[in-house]
Amino acid sequence: QDYISTHHSKIYNYLTKFSGIVEGDLNPEKSLHHVTTLKSVYLKLRYLVDVGVRFVGHGLKSDFQIINILVPEEQILDTVELFHLPRQRKISLRYLAAHLLQLDIQKDTHDSIEDAKAALRLYKKYLELKKADRFDQVLDDIYTVGRSKGWKLDGEKSPNEIPGPRLEGKGLEERSRDDKDSVSVVTVVQKESWVINLS
């Protein structure tokens, strides 16, 4: 897991709920994590793309756009696209993990390793459902249940019921995407699974 050093920049808000990063994580002198430069992480990713590694994750298109790296379509296995019906909403990783894998992720804060593992498990579930010729029915069921519950998990509050600062006109899901400066995790699949944290 790599963290990108920002010790030369002033950080006003780590947005820990969305990034999973706390004070000290990005300082090479204080961090308990491997801290490296943005250039080093970019070169690692560039190498993986160039050797043809296939990337598994959730929402990878926007992640790769944020870091300004072009990855050929055939190397991207994006669970947000795999579990999506045309002209319908895109389903969150948290919702898919709960519905298909019985996993409760992203409870209190963002954990990119947890997200990467969940995305990899979802991809394996996708392959299993395709092989059993059950994928289309399961996806229809996910949308039916999701719509009937307002896309909330059992016991989950809507964004308007959650205390804390509000951004005008934005719900929790939009706020988490728009306001974090980190890049989500990418799980890399080749002969083995690797997890790279670009946060």
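1. Basis of the note. The model is a predicted one, in which local features need pLDDT of at least 70 and side-chain atom pairs count only at pLDDT 80 or more, while totals for chains, interfaces and linings use all residues. Residues are numbered from 1 along each chain as its sequence is written, and side-chain values use heavy atoms, with hydrogens and water left out.

2. Overall make-up. The protein has eight helices and six strands, where helices (H or I, at least four residues) and strands (E, at least two) are DSSP runs numbered from the N terminus. Along the sequence these elements follow the pattern β-α-β-α-β-α-β-α-α-α-α-α-β-β. Of the 199 residues in the protein, 41% are buried; buried stands for under 20% relative accessible area, exposed for over 50%, and partly exposed for what lies in between, with a 1.4 Å probe and protein chains only. Among the contacts (heavy atoms within 4.5 Å) with a separation of 6 or more, 56% are between residues 24 or more positions apart.

3. The largest nonpolar core. A nonpolar core is a set of buried Ala, Val, Leu, Ile, Met, Phe, Trp, Tyr and Cys residues joined through side-chain atoms within 4.5 Å. The largest one has 26 residues, of which Phe83, Ile91, Leu96, Leu100, Leu122 and Ile142 touch the most other members. Two or more residues each come from helix H5 (93-101), helix H6 (112-131) and helix H7 (135-148), and H6 supplies the largest share, seven residues. Leaving aside residues up to four places away in sequence, Leu122 touches Thr79, Phe83, Leu93, Leu96, Ala97, Leu100 and Leu101. A second, separate core of ten residues includes Leu48, Val53, Phe64 and Ile69. In soluble globular proteins, nonpolar side chains tend to be buried together.

4. The packing of H5 on H7. These two helices pack at an angle of about 115 degrees with their axes 11 Å apart, the axes being lines fitted to C-alpha atoms over the stretch in contact, and the angles running from 0 to 180 degrees between N-to-C directions. In this contact, Tyr95, Leu96, His99 and Leu100 of H5 meet Val138, Ile142, Val145 and Gly146 of H7. Six of the contact residues are nonpolar, two are polar and none is charged, where Ala, Val, Leu, Ile, Met, Phe, Trp, Tyr, Cys and Pro count as nonpolar, Asp, Glu, Lys and Arg as charged, and the others, Gly among them, as polar.

5. Salt bridges. The count comes to five salt bridges, each defined as a side-chain nitrogen of Lys or Arg within 4 Å of a carboxyl oxygen of Asp or Glu. One of them joins Lys90 to Glu81, with the closest N and O atoms 2.7 Å apart; Lys90 is partly exposed at 39% relative accessibility, and Glu81 is partly exposed at 37%. Another is formed by the side chains of Arg94 and Asp104 (3.4 Å, N to O). Because Arg94 lies in helix H5 and Asp104 in the loop between H5 and H6, this pair ties together parts that are ten residues apart in sequence. Glu128 and Lys125 form a further salt bridge, with their closest N and O atoms 3.3 Å apart, and these residues are separated by about one helical turn because they are three residues apart in helix H6.

6. Positive phi angles. Most residues other than glycine have a negative phi, and most peptide bonds are trans. Arg87, in the loop between H4 and H5, has a positive phi near 60 degrees and counts as exposed at 80% relative accessibility. Gln102, which follows H5, has a positive phi near 55 degrees. Gln106, in the loop between H5 and H6, has a positive phi of about 55 degrees although it is not a glycine, and at 26% relative accessibility it counts as partly exposed.
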